[in-house]
Amino acid sequence: MANADHPYGLRSLGFTIEGGCPLVEEFNKLVGYGTAIFPGDAVNQVASGDIEVSATPGTTDYSGVALNYGAASTATTHQVIISPGCLFTIQDNNDVDGFASADRGLNADIELNAGDATKLLSGHELDESSLNTTVTLDLHCHDKLNVPDNAYGANCRVVVTFNKHRMALDQVGV
């Protein structure tokens, strides 16, 4: 059976790679920020301490993943999963041939697609064309999500952790 193409951003599995529960903190989005934040969006903290979603894949240290919606150009408060070791699932964007068993353990960037304003779902996907051994990419790909309706190939749901995270122990200058 082929995987459905329904991007949803990053969805927590409810635990960290260390075995504990992920931590959640509250952040604000400024009224002047003209982009909506959707549940499942990878967010980054700006100099003011507020969050946004306009990161540059491969170069931004993410602060975590938003759990609630905030309309564009509206001041909103967001619950954000901030644990660097939190395990998430994300759909691959099928740029090449889909996520394969040979891709386990590789790294990839996030493709920051706009969310769906009707369903209030993130459009973020795993950028399959960026899969590489380079540790400076956004995400580390563990394996496909092991559920009956998910298979290797196009639009595979992949279990990932952040490589580039503001709260990770190996980050400097934050």
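Which residue in S9 is the bridge partner of Asn-107? In this predicted model, the partner is Asn-132. The two strands concerned, S8 (residues 107–111) and S9, run antiparallel and share 4 bridges. Strands of a sheet pair through backbone hydrogen bonds, in either a parallel or an antiparallel sense.

The S8–S9 pair belongs to an open sheet of 6 strands. Strand order is S1-S7-S11-S10-S8-S9, and the pairing is antiparallel. Strand S1 (11–16) and strand S9 (125–132) form the edges, each pairing on one side only. From one strand to the next, the twist averages 40 degrees.

Gly-9 lies in the segment before S1. Its relative accessibility is 0%; Gly-9 therefore counts as buried, the cut-off being under 20%. Beyond its neighbours within four places in sequence, Gly-9 contacts Gly-40, Thr-89, Ile-90, Ser-122 and His-124. Ser-54 is 45 residues from Gly-9 along the chain, and the C-alpha atoms of these two residues are separated by 14 Å.

The pocket analysis gave the following. The largest pocket has a volume of about 270 Å³. Its lining comprises 20 residues. Those nearest the pocket centre are Asp-5, His-6, Pro-7, Tyr-8 and Gln-91. By class, the lining has 7 nonpolar, 7 polar and 6 charged residues.

Methods:
Residues are numbered from 1 along each chain as its sequence is written. This is a predicted model: local features need pLDDT of at least 70, side-chain atom pairs count only at pLDDT 80 or more; totals for chains, interfaces and linings use all residues. Side-chain values use heavy atoms; hydrogens and water are left out. Two strands pair if DSSP finds at least two bridges between them. Axes are lines fitted to C-alpha atoms, for helices over the stretch in contact, and angles run from 0 to 180 degrees between N-to-C directions. On a 1 Å grid over the protein atoms alone, a cavity is a set of points where a 1.4 Å probe fits but cannot get out, and a pocket is an open set with protein on both sides within 12 Å along at least five of seven lines; lining residues have an atom within 4 Å of a point. Grid points are joined across faces, edges and corners, and a volume is the space filled by probe spheres set on the points. Ala, Val, Leu, Ile, Met, Phe, Trp, Tyr, Cys and Pro count as nonpolar, Asp, Glu, Lys and Arg as charged, and the others, Gly among them, as polar. Buried means under 20% relative accessible area, exposed over 50%, partly exposed in between (1.4 Å probe, protein chains only). Contact means heavy atoms within 4.5 Å.
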